Amino acid sequence: MEWLVDASAVVGLGWYVVLWALALLGCWTARTRYRTRPHSPLASADDAPGVSILRPLKGLDTNLYENLESTFTQEYPHFEILLSVADEHDQALAIVRDLIAKYPHVNARIITGEETVGVNPKVNNLVRSYREAAHDILWVIDSNISVAPGTLARSVDILTRSPSQNSPGRRIALVHHVPFAIVHENCLGAAVEQAFLNTNHARMYLAINTVAIESCVVGKSNLYRRSDLERVDGSLKPKPANVDSFTRKCGLSAFGSFLAEDNMIASALWHELDLRHDLSCDTANNAIGKMSLADYVWRRVRWIRVRKQMVLAATLAEPFTECFVASSIAAASLRHLFAVSPWIFFPIHLVAWLWVDFDVCESLAGHPVPSGIRWRFIGAWFIRELLALPIFFLAIFGNEVVWRGERYQVMQAGRVTSTPRRVSYPRKWLRWATTVDHTNEYKPLATDQLHLKNAIPPLMNQVLHYHD
């Protein structure tokens, strides 16, 4: 049995080396791609291809005015904005009308009324805008996301470049933007969510997309062609070029049965059409506001349960990529193979791991973590790391999720069915969850934070409220 222990130690140490290779790759990608923002020639090109920007709305989401305004102020010569709401009395319409009046030169219009093509309310809200869009290139961007003014031009640059310029030699079918969380509210859940998105999630997201051996896309902000989407149906089976799409349900409506429709669209373009994705050098600035720790926990549970049905092997491997689990494996391996004391190894590991995560965060932000919140950020980071394994075990045994007060059953391939009754999270085991006000209160940003020119907004100085 000694040989089995030796082999396990070698495998464990090898796994640790692979994780560090991915971590350093993510860190390197953040440094090289996000610390500079080149100006795109398309920003002033008369022949720039037209783009339809699709913004699905529901209620007064987090800093809605500033988020929407960031699309009105894009430095791009030829685009339209379609702002869709399911209800003609939606509270978001007042803000939308104010922006349309403020920017009369921008081709923007409101699309009212949804079409039910599945259980996903976002897809139902977008179907009419998708159909009425004037241009083939679509930019679907969530209502809690703001972007820099040059984002659209740089993204279209990537989407339209020749396949010969891409490393895999295939055409880019989708351009996406790494989420970057910005918070100001003094809420534990919001701080932990920010620590997760801006460090662990960003690092792995960048590394996986740099290696690019499989589709990995978060749908906060995505550009793709409607003509490509009309050729896929979510089956993830390769489609011959001569197959008639009219013989099957294709396009956006084909993804109405998926809760993570954004990820499935990206996977369909990758597997069904053998096309590829790429990241631009811009971030999708994700407004995080009043979020309790229970909100954070159940949000993570939801998406682990969805991923479990979509990519089971990768989901099962996730705990072994976490800081404390990976370091425990490495410490045991080093002690067995080289008699290295865990008391020496653990502090070195934690400092190095935290340094890499901070470097990723600062690269995406464009500046160091402010000194006034540095220790709070480190504390939230440690809480995130300590919660990772318990959250995983809570999520892995179960298939029910709650999204916007509705309960869904997650099925194979990430499809979901809904139940008729509304529910709330089982938060009683987290007493502090009830102390957070979840009302949709809108608060604007300070005037000097608007109209940023090709720069990432400050890390944590915006007044934000929770949007899921």
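## A guided tour, stop by stop

Start by selecting R31, R35 and D359: a network of salt bridges links them. A salt bridge here is a side-chain nitrogen of Lys or Arg within 4 Å of a carboxyl oxygen of Asp or Glu. The structure holds 23 salt bridges.

Before moving on, note that this is a predicted model, where local features need pLDDT of at least 70, side-chain atom pairs count only at pLDDT 80 or more, and totals for chains, interfaces and linings use all residues. Residues are numbered from 1 along each chain as its sequence is written, and side-chain values use heavy atoms, with hydrogens and water left out.

Select R109 and E132. Their side chains meet in a salt bridge at 3.3 Å, N to O. The pair links distant parts of the chain: R109 is in strand 3, E132 is in helix 4, and they are 23 residues apart. Helices (H or I, at least four residues) and strands (E, at least two) are DSSP runs, numbered from the N terminus. R109 counts as partly exposed, at 30% relative accessibility. E132 also counts as partly exposed, at 32%. Buried means under 20% relative accessible area, exposed over 50%, and partly exposed in between, with a 1.4 Å probe and protein chains only.

Now pick E115 and R131, whose side chains form a salt bridge at 2.8 Å, N to O. E115 lies in the loop between strand 3 and helix 4 and R131 in helix 4, so the pair ties together parts 16 residues apart in sequence.

Go on to D228 and R231. Is D228 buried or exposed? D228 is buried, with a relative accessible area of 3%, while R231 is partly exposed at 32%. Their side chains meet in a salt bridge at 3.8 Å, N to O.

**Aromatic rings**

Rings of Phe, Tyr and Trp (its six-membered ring) pair if their centres lie within 6.5 Å; planes under 30 degrees apart count as stacked, over 60 as edge-to-face and the rest as tilted. By this rule the count comes to 10 aromatic pairs. Select F72 and Y103: the ring centres are 5.6 Å apart and the planes stand at 35 degrees, so the pair is tilted. F72 is in helix 2 (residues 64-72), and Y103 is in the loop between helix 3 (92-102) and strand 3 (107-112), 31 residues apart. F72 is buried at 3% relative accessibility, and Y103 is buried at 10%.

Next, F392 and F393 form an edge-to-face pair, 5.8 Å centre to centre with 75 degrees between the planes. F392 counts as buried at 8% relative accessibility; F393 is partly exposed at 45%. Then show Y16, F345 and F346, which form one aromatic cluster.

**Buried polar stops**

Select T283 in strand 8 (residues 276-287). T283 is buried, with a relative accessible area of 2%. Its side chain makes a polar contact with the side chain of N285 at 2.8 Å. A polar contact is a pair of N or O atoms within 3.5 Å; within protein, one must be able to donate a hydrogen and the other to accept it, and residues adjacent in sequence count only if both atoms are side-chain atoms.

Jump to N120, in the loop between strand 3 and helix 4 (121-132). N120 is buried, with a relative accessible area of 0%. A polar atom of the N120 side chain lies 3.2 Å from the backbone nitrogen of V123.
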